[in-house]
Amino acid sequence: MAVSYDRLWKLLIDKKMSKVELRKKADIAPNTLTKLNRDEEVSMTILCKICHVLGTDFGDIVEYIDEDK
């Protein structure tokens, strides 16, 4: 299973928010931000925190990529 957080990074640009600001406002650990940067899986709890801070839904920040295609 593969995920992409490109939508999250584009949304941050639109909202003029840095990754560090997001990390602090969502109260997530630096290594979790590293996982996001590497398109690695993170917990639903983390995604919920990010959605809450940005006022968005999961589909606005993460995309599932089918590796079989």
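## Close-up views of a predicted model

Ser43 is partly exposed, with a relative accessible area of 38%. In this predicted model, local features need pLDDT of at least 70 and side-chain atom pairs count only at pLDDT 80 or more, while totals for chains, interfaces and linings use all residues. Residues are numbered from 1 along each chain as its sequence is written, and side-chain values use heavy atoms, with hydrogens and water left out.

**View A. Ser43 lies in the loop between helix H3 (30–37) and helix H4 (44–54).** Partly exposed is the range between buried (under 20% relative accessible area) and exposed (over 50%), using a 1.4 Å probe and protein chains only. Helices (H or I, at least four residues) and strands (E, at least two) are DSSP runs, numbered from the N terminus. Ser43 and Asp68 are 25 residues apart along the chain, and their C-alpha atoms are separated by 23 Å.

**View B. The largest nonpolar core has 20 residues.** Such a core is a set of buried Ala, Val, Leu, Ile, Met, Phe, Trp, Tyr and Cys residues joined through side-chain atoms within 4.5 Å. The residues with the most contacts inside this core are Tyr5, Leu8, Leu22, Leu36, Ile50, Leu54 and Ile61. At least two core residues come from each of helix H1 (6–14), helix H2 (19–26), H3 and H4. H4 gives the largest share, five residues. Leaving aside residues up to four places away in sequence, Leu22 touches Leu8, Leu12, Met17, Ile50, Val53 and Leu54; contact means heavy atoms within 4.5 Å.

**View C. Thr32, Leu33 and Leu36 are buried in H3.** Seen down the axis of H3, its buried residues fall within an arc of 100°, so they line one face of the helix. The arc is taken from the directions from the helix axis to the C-beta atoms. The buried residues of H3 pack against H1, H2 and H4. After H3 comes Asp39, with a positive phi near 55°.

**View D. Glu63 forms a salt bridge with Arg7.** The structure holds one salt bridge, defined as a side-chain nitrogen of Lys or Arg within 4 Å of a carboxyl oxygen of Asp or Glu. In this pair the closest N and O atoms are 3.8 Å apart. The bridge links distant parts of the chain, 56 residues apart: Glu63 is in strand E2 (residues 63–65) and Arg7 is in helix H1. Glu63 is partly exposed at 32% relative accessible area, and Arg7 is partly exposed at 38%.
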